[in-house]
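Subject: Structure for your review

Hello,

Here is the structure I said I would pass on. My notes on it follow below; please read them next to the coordinates.

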Amino acid sequence: MRRFQALLQGESLERALVMGILNVTPDSFSDGGCWTTEVAIKKQAEAMQVAGADVIDIGGESTRPGAEPVPLQQELERVLPAIEWVRAVTDLPVSIDTYKPEVMRQAVKAGAAMINDVNALQASGALEAVAELQVPVCLMHKQGEPATMQQAPNYTDVVGEVRDFLQARAQAVMQATGLSAQQVWLDPGFGFGKTLAHNVALFSALDELVALGHPVLVGVSRKRMIGQLLNDAPVTARLCGSVSAAVLAALKGASVVRVHDVKETVDALKVAMALL
Ligand code: 9MG
């Protein structure tokens, strides 16, 4: 909890925070179906804590390309017990990965400390929910919806469009909720309605997002862009690529990296920062 709170208070940190991914879904792209029982969820949460995670992100609806939305009740049934189980066996803050206001409300009641919204609080009622809950949020950029977003991503100036969108959403969120700049994290949304060229352009311009004055979160772990940069490596062969991208993101100023492989990422960040 200490480093999570320190980031929110704007203190300088020796390394980027590591957000461990815990998808309690049957169909996520790299770990779908792995963490659906109480025993498995608790074991994975404990392992992430031991490995040095700073926050655990729990999601009950897959956002992989091609994924279809799940009904509210089903999402609640997946995430609420998971939040309680993680809180019971760790003292790590939990982030709830959702765009649905009702899930936000019930998740925070169950113990979630922040909201990770791939829809940047654009759903009807989402801003009001956060104004009420007063928890930090991560606002992500995406073009289109997961079911179809990779069919024809299209930008005139991907960096400018993503930066302007995030800046405008951050302003709107701070105004509507009273959250501080440190409580509103920004995320370019790698792979969400973006080609490899778009992802590369955004990654190399991360400093422009960092300059907006909010913590920046980068999520590239095991994603297709890593596979594409490694001669179409399958998901199981993307570990080194993912870790190296996480380290580079941190060196470019990202405050948080969202990853599946916590131990490997924490070790790599520690070594990189010690040697820098
Ligand atoms: C839920 N989810 C999947 N990928 C993500 C990413 O890159 N960033 C954030 N914030 N959430 C993500």
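**Helix packing**

Helix α6 crosses α7 in a right-handed sense. The angle between α6 (residues 158–177) and α7 is about 65 degrees, and their axes lie 9 Å apart. On the α6 side the contact is formed by Val158, Val159 and Val162, and on the α7 side by His198, Ala201 and Leu202. Sorted by class, five of the residues in this contact are nonpolar and one is polar, with no charged residues. Please keep in mind throughout that this is a predicted model.

**Aromatic pairs**

There are two aromatic pairs in the structure. One joins Phe4 and Trp185: the ring centres are 6.0 Å apart and the planes stand at 70 degrees, an edge-to-face arrangement. Phe4 belongs to helix α1 (residues 2–8) and Trp185 to strand β6 (residues 184–187), so this pair ties together parts of the chain that are 181 residues apart in sequence. Phe4 has a relative accessible area of 2% and is therefore buried. Trp185 is buried as well, with a relative accessible area of 0%.

The other pair is Phe190 with Phe203. The ring centres of Phe190 and Phe203 are 5.7 Å apart and the planes meet at 45 degrees, so the pair counts as tilted. Phe190 sits in the loop between β6 and α7 (196–204), while Phe203 is part of helix α7; the two are 13 residues apart, and the pair links distant parts of the chain. Phe190 and Phe203 are both buried. Helix α7 thus comes up in two places in these notes: it carries Phe203, and it packs against α6.

**Ser62**

Ser62 lies between β2 (55–59) and α3 (72–89). Is Ser62 buried or exposed? Its relative accessibility is 6%, and the cut-off for buried is under 20%, so Ser62 counts as buried. The side chain of Ser62 comes to 3.2 Å from the backbone nitrogen of Arg64. Leaving aside residues up to four places away in sequence, Ser62 is in contact with Thr25, Asp27, Ser28 and Ala67.

That is what I have for now.

Regards

Note on methods
Residues numbered from 1 in each chain as written. Predicted model: local features only at pLDDT ≥ 70, side-chain atom pairs only at ≥ 80, totals over all residues. Heavy atoms only, no water. Helix = DSSP H or I, 4+ residues; strand = E, 2+ residues; numbered from the N terminus. Buried < 20%, exposed > 50% of the residue type's maximum accessible area, 1.4 Å probe, protein only. Polar contact = N/O pair within 3.5 Å; in protein donor to acceptor, adjacent residues only side chain to side chain. Contact = heavy atoms within 4.5 Å. Phe/Tyr/Trp six-rings, centres within 6.5 Å; stacked < 30°, edge-to-face > 60°. Axes fitted to C-alpha atoms, helices over the stretch in contact; angles between N-to-C directions. Left-handed = near helix turned anticlockwise from the far one by under 90°. Nonpolar A, V, L, I, M, F, W, Y, C, P; charged D, E, K, R; others polar.
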